[in-house]
Amino acid sequence: MKASVVWIADGKTYFFAQWSNLEEGRESIGRMKERTAEIGEIREKLDSIAREKVGREKAEQLEPFLRSEIWPVKRFANQELGNCGPQALETIRRMMNDPAFAMERTEIARALGKAGGKEAGAELNLMLWKELRFWKGQRGSLQEGWWNGDASVSEPLRVRYATAYQLIYMLEKTGYAPAARTAREFANTWATIPPGAHESDQTVNQIVEECERLAGIVDGDEKP
């Protein structure tokens, strides 16, 4: 309720600020009605797209919604993109390489892995190699606490970290044999990168542990 409900009294709108304080809203009742109608139209459009089972056309229809400022819309579009199947891989690749979708790369990588299934192993592995080269180039200039160098969620290093982690995770599901070598080299490189947060090795351990898990799955020592 504190995220989505608006109170209307005496012609004015009120909403929760900081999850506890009720404050007067800036938008008029008329504008809120217009916005509600807009969101209703988006919902109908997404329902229509979801009824298409797979294919490139479905992926193309989802594309405008991947950058929506409405979080449930964005989440739904990303989930459905992964359900588009191998026929949509060309479209998903294009979005993955489009700078306009830089902030969405992590979720698009997830969709690519899901849509391609085991056949996407080679492609995901190549992407992880590219991320490995990126971090090798960065480690000489990084200092402890680099994660908090910019608090923005759009901070490039945070996005690249999330993308690398997602690629490792998706490769675990493919069983692609050459990924074991990539994972071990990534783990060795990552162990030399300064901790992202002061007095914390979390950003080191998460990647290293996931890389070790990927190598173990490929080698048959662990279950996916």
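**Helix packing and aromatic pairs in a predicted model**

In this predicted model, helix H6 (residues 121–138) packs against helix H7 (residues 156–172) at an angle of about 145 degrees, their axes 9 Å apart.

Me: What makes the contact of H6 with H7, by class?
Reply: The contact has 12 nonpolar, four polar and three charged residues. Among the residues that make it are Phe134 and Trp135 of H6, and Arg160 and Tyr161 of H7.

Me: How do you know that the charged end of Arg160 sits over the ring of Phe134?
Reply: The charged end of Arg160 is 3.8 Å from the centre of the Phe134 ring. The distance has to be within 6 Å, and the charge also has to lie within 35 degrees of the ring normal. Arg160 is listed as sitting over the ring.

Me: Why is the pair of Trp135 and Trp190 called edge-to-face?
Reply: The ring centres are 4.7 Å apart and the planes stand at 75 degrees. Centres within 6.5 Å make a pair, and planes over 60 degrees apart count as edge-to-face, so the pair is edge-to-face.

Me: Which parts of the chain does this pair link?
Reply: Trp135 is in helix H6 and Trp190 in helix H8 (residues 179–190), 55 residues apart. Both Trp135 and Trp190 are buried. They belong to one aromatic cluster, which includes Phe134 and Tyr161.

Me: Why is Met103 called partly exposed?
Reply: The relative accessible area of Met103 is 40%. Buried means under 20% and exposed over 50%, with partly exposed in between, so Met103 is partly exposed. Met103 lies in the loop between helix H4 (89–96) and helix H5 (105–116).

Note on methods: Residues numbered from 1 in each chain as written. Predicted model: local features only at pLDDT ≥ 70, side-chain atom pairs only at ≥ 80, totals over all residues. Heavy atoms only, no water. Helix = DSSP H or I, 4+ residues; strand = E, 2+ residues; numbered from the N terminus. Buried < 20%, exposed > 50% of the residue type's maximum accessible area, 1.4 Å probe, protein only. Axes fitted to C-alpha atoms, helices over the stretch in contact; angles between N-to-C directions. Contact = heavy atoms within 4.5 Å. Nonpolar A, V, L, I, M, F, W, Y, C, P; charged D, E, K, R; others polar. Phe/Tyr/Trp six-rings, centres within 6.5 Å; stacked < 30°, edge-to-face > 60°.
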